[in-house]
Amino acid sequence: MLPPAILLVDDDEDYLDIVNRALRREGLDVEVHMTRTGAGALAMLGVDGASTPGRPNIVAAFVDLNMPGLDGWEVLRRVRADGRLHWLPVVMVSSSARPEDVQHSYELGANSYLVKRFEKDAAASDLALAVRYWLRVNRPPARAVAS
């Protein structure tokens, strides 16, 4: 059986690196898949007729809101439209704390909205805490078998 995995989607390579190090420090038994684009996220999840099937062990996706090309909202829309993935927890991650961005994310089906903090280690520790929640605290429903 594959260990649980998370998907981190952010166009900021430094942020991805910082978060990955924080997750290792936390000692979480989780595979971390990273991509810097919305299209890469959809491919990893097997959405939109991707040439490869999605990774079945991804238990949550953490998606940056503002990325060039496909933004986080479009990734969220497509994940929610895919009947095989409607159950997947999607956490929107953004430097924006604008109420309208938070509201729109929930209207599109986000499970959570995390505002990036830029104080030393704050962004990474917040995301590590969120990952810990989705891995250890949350109990998802049984996944429906794709028909």
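Me: How many of the residues of H2 are buried, and is H2 mostly covered or uncovered?
Reply: This is a predicted model, where local features need pLDDT of at least 70, side-chain atom pairs count only at pLDDT 80 or more, and totals for chains, interfaces and linings use all residues. Residues are numbered from 1 along each chain as its sequence is written, and side-chain values use heavy atoms, leaving out hydrogens and water. Buried means under 20% relative accessible area, exposed over 50%, partly exposed in between (1.4 Å probe, protein chains only). H2 is mostly covered, and its buried residues number 6 of 8.

Me: Which elements are included in what covers the buried residues of H2?
Reply: Helices (H or I, at least four residues) and strands (E, at least two) are DSSP runs, numbered from the N terminus. Among the buried residues of H2 are Ala-41, Leu-42 and Leu-45. Their cover includes S1, strand S2 (31–35), S3 and H3.

Me: Which residues touch the most other members of the largest nonpolar core?
Reply: A nonpolar core is a set of buried Ala, Val, Leu, Ile, Met, Phe, Trp, Tyr and Cys residues joined through side-chain atoms within 4.5 Å. The largest one has 25 residues, and those touching the most other members are Leu-7, Leu-45, Val-63, Val-79, Leu-88 and Met-92.

Me: Where is Asp-82, and which residues does Asp-82 touch beyond four places in sequence?
Reply: Asp-82 sits in the loop between H3 and S4. Its relative accessible area is 10%, so Asp-82 is buried. Counting contact as heavy atoms within 4.5 Å, and leaving out residues up to four places away in sequence, Asp-82 touches Gly-46 and Val-47.
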